[in-house]
Amino acid sequence: MIEFTPNSDSPYLIDECKIRGNADRVAIPENEDELSALLLECNDRSIPVTISGLRTGLCGGSVPYGGTLVSLEKLNSVIGIGEDDRGFYVRTQPCVTVDEIVRMVRLKHVSSISDITDDACARFRSDDRMFFYPVDPTEMHGSIGGNISTNASGPRTFRYGPTRDWVRSVRLMLPDGRTVRITRGENIAKGRHMDANVDGIHLEFDVPGYDFNTDVKNAAGIYARNDVDLLDLIIGSDGIFGVIVEADVYLTEWHPLISNIIFMPDDDSALGLIDDLRHDDVVDPEFLEYFDCGSVDLVRRSCSVDPTILRPPEGRRSAVFLDLPMDGSVESRYERLFELVRRNGGDPSDSWTGYGDKDRERMFRFRHSVPKSIFNYVASLKKDMPAINKMGTDMSVPEERNREMMAEYGRVLESYGLEYVIFGHLGNCHPHAEIILKDMEDLRKAKEAYAVLARRAFELGGSPSAEHGIGKLKRDYIMMMYGAEGTEGIRRMKMAFDPNMILNRGNIIE
């Protein structure tokens with residue numbers, strides 16, 4: 001096991017939200033035995049432990065505040081392929097990336113991995129169909145363990161749902177170093193009481209009393225409801241109950257797709273097109289992504305430093321990004337799509353279309369250039385302002401309140417004098433308003449504006465955290481959403497798993 005005392009500028013003390021913590025030591029176990037011994041030592045001595053994966057999180061969940069930082073970066077192997085009544089699944093260690101799963105599955109590179117069920121690898125390799133892991137978070141190089149811990153999602157949630165819908169099981173290492181495999185369907189609460197014997201370990205506790213909002217895209221805290229599956233309490237828990245050391249995630253059949261970026265005259269016309277497309281059974285898009293005029297301008301500026309990014313047309317334009325199935329209905333899909341584009345004041349000729357891997361890759365690079373530009377910009381500010389961090393919303397609302405919330409973003413941020421761009425997953429009424437900070441005064445105003453917007457999203461029936469989890473950065477919203485009683489219910493549940501409260505302190509609850 002590698003151990004060292006980190007310097008104040010160590011990359012292990014920061015994640016993509018750009019807040020920086022501190023730790024007495026960093027430990028990098030090579031295997032589960034080393035991890036188990038380390039957790040047992042810290043538990044016996046009541047040393048706080050923060051678990052870190054690939055540090056792509058946006059809420060500070062892997063940022064330590066004292067104690068030991070444990071990086072799981074060496075636990076990065078695909079273990080095997082299995083099959084059950086639902087279909088094929090992949091078993092991995094926690095620091096395998098989403099991109100690695102997608103590539104391995106697409107190419108069917110299974111010769112060096114194990115059969116989780118009898119002859120699963122051979123059946124998978126000989127199956128004429130192509131498969132993929134459909135959860136498509138913006139950061140494809142994030143770890144599968146981190147994705148499960150935050151119930152990550154992305155554009156394809158519009159069709160396929162979030163990470164939660166694709167997890168078959170996890171093997172969880174408890175803070176005392178013991179492990180349990182938690183498989184969907186095997187441990188169900190009776191009402192709000194969980195009493196389960198898992199791999200010889202007795203787990204008994206009451207599920208928090210609030211009802212988790214499933215009417216919108218939501219990654220805000222513990223998935224509490226009556227008769228909940230134990231697995232669902234672990235997914236989205238920001239690592240406060242245990243360490244995911246293995247995960248089984250389901251695959252689904254892949255089908256050829258055509259990517260499209262349609263440029264519209266202004267923000268309102270793009271929003272109108274998305275409203276029309278959201279439930280259109282003819283076009284039936286795989287996802288719906290929105291870029292306001294400011295986002296498109298940001299991409300245009302990015303082209304000057306990265307020529308691989310497609311350059312948008314000149315003029316102030318908004319854009320809609322969608323994938324369509326390349327099947328026998330493709331002609332009728334495009335006829336209907338172009339009809340809706342014209343209805344909303346656009347011109348179908350102002351669009352890009354591509355179905356080859358290279359063309360689609362360039363379109364997705366266009367999409368990802370918006371958050372990437374923001375991340376790089378905030379990182380550049382930290383040279384002179386070490387305390388500054390990224391400020392971008394992650395809020396969702398019910399569809400019928402979406403236009404109201406979109407207006408609120410502009411009204412609130414402009415009232416604070418803040419520059420911003422809005423882009424993201426409008427299929428699920430879940431955009432990202434990224435605030436372009438100039439100085440620490442902007443950061444102060446952005447935090448105030450964020451709180452106002454989070455409260456407004458909640459009042460409209462939505463969530464202040466739709467896909468990035470809670471971590472440390474959004475902890476105050478747990479009290480806003482669930483009140484003192486719900487927050488205390490989370491604390492009591494944590495103590496059933498972690499009596500010494502050592503693990504990932506500060507995530508979700510104080």
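Leaving aside its neighbours within four places in sequence, Ser 259 touches Phe 321, Leu 322, Asp 323, Trp 352, Thr 353, Gly 354, Arg 360, Met 363 and Phe 364 in this predicted model. Ser 259 belongs to strand E15, which covers residues 257-264, and it counts as buried because its relative accessibility is 0%, where buried means under 20%.

**Ser 259 and its surroundings**
- Among the residues in contact with Ser 259 is Asp 323, and the side chains of Ser 259 and Asp 323 are joined by a polar contact of 2.6 Å.

**The packing of H8 and H10**
- Helix H8, made up of residues 293-302, packs with helix H10, made up of residues 357-381, at an angle of about 85 degrees, and their axes lie 9 Å apart.
- Angles of 65 to 115 degrees count as roughly perpendicular, so H8 is described as roughly perpendicular to H10.
- On the H8 side the contact is made by Ser 295, Leu 298, Val 299 and Ser 302, while H10 contributes Phe 366, Ser 369, Val 370, Ser 373 and Ile 374.
- Sorted by type, the residues of this contact between H8 and H10 comprise 5 nonpolar and 4 polar ones, with no charged residue.

**Nonpolar cores**
- The largest nonpolar core holds 134 residues, and within it Ile 81 and Phe 497 touch the most other members.
- Helix H13, which spans residues 476-497, supplies the largest share of this core, namely 8 residues.
- Another core, of 17 residues, lies apart from the largest one, and its members include Ile 47, Val 49, Leu 72 and Ile 502.
- As general background, nonpolar side chains in soluble globular proteins tend to be buried together.

**Loop residues with positive phi**
- Arg 55 is not a glycine, yet it has a positive phi of about 60 degrees, and its place is in the loop between strand E3 (49-52) and strand E4 (68-71).

Note on methods:
Residues are numbered from 1 along each chain as its sequence is written. This is a predicted model: local features need pLDDT of at least 70, side-chain atom pairs count only at pLDDT 80 or more; totals for chains, interfaces and linings use all residues. Side-chain values use heavy atoms; hydrogens and water are left out. Axes are lines fitted to C-alpha atoms, for helices over the stretch in contact, and angles run from 0 to 180 degrees between N-to-C directions. Helices (H or I, at least four residues) and strands (E, at least two) are DSSP runs, numbered from the N terminus. Angles under 35 degrees count as roughly parallel, over 145 as roughly antiparallel, 65 to 115 as roughly perpendicular and the rest as oblique. Contact means heavy atoms within 4.5 Å. Ala, Val, Leu, Ile, Met, Phe, Trp, Tyr, Cys and Pro count as nonpolar, Asp, Glu, Lys and Arg as charged, and the others, Gly among them, as polar. Buried means under 20% relative accessible area, exposed over 50%, partly exposed in between (1.4 Å probe, protein chains only). A polar contact is a pair of N or O atoms within 3.5 Å; within protein, one must be able to donate a hydrogen and the other to accept it, and residues adjacent in sequence count only if both atoms are side-chain atoms. A nonpolar core is a set of buried Ala, Val, Leu, Ile, Met, Phe, Trp, Tyr and Cys residues joined through side-chain atoms within 4.5 Å.
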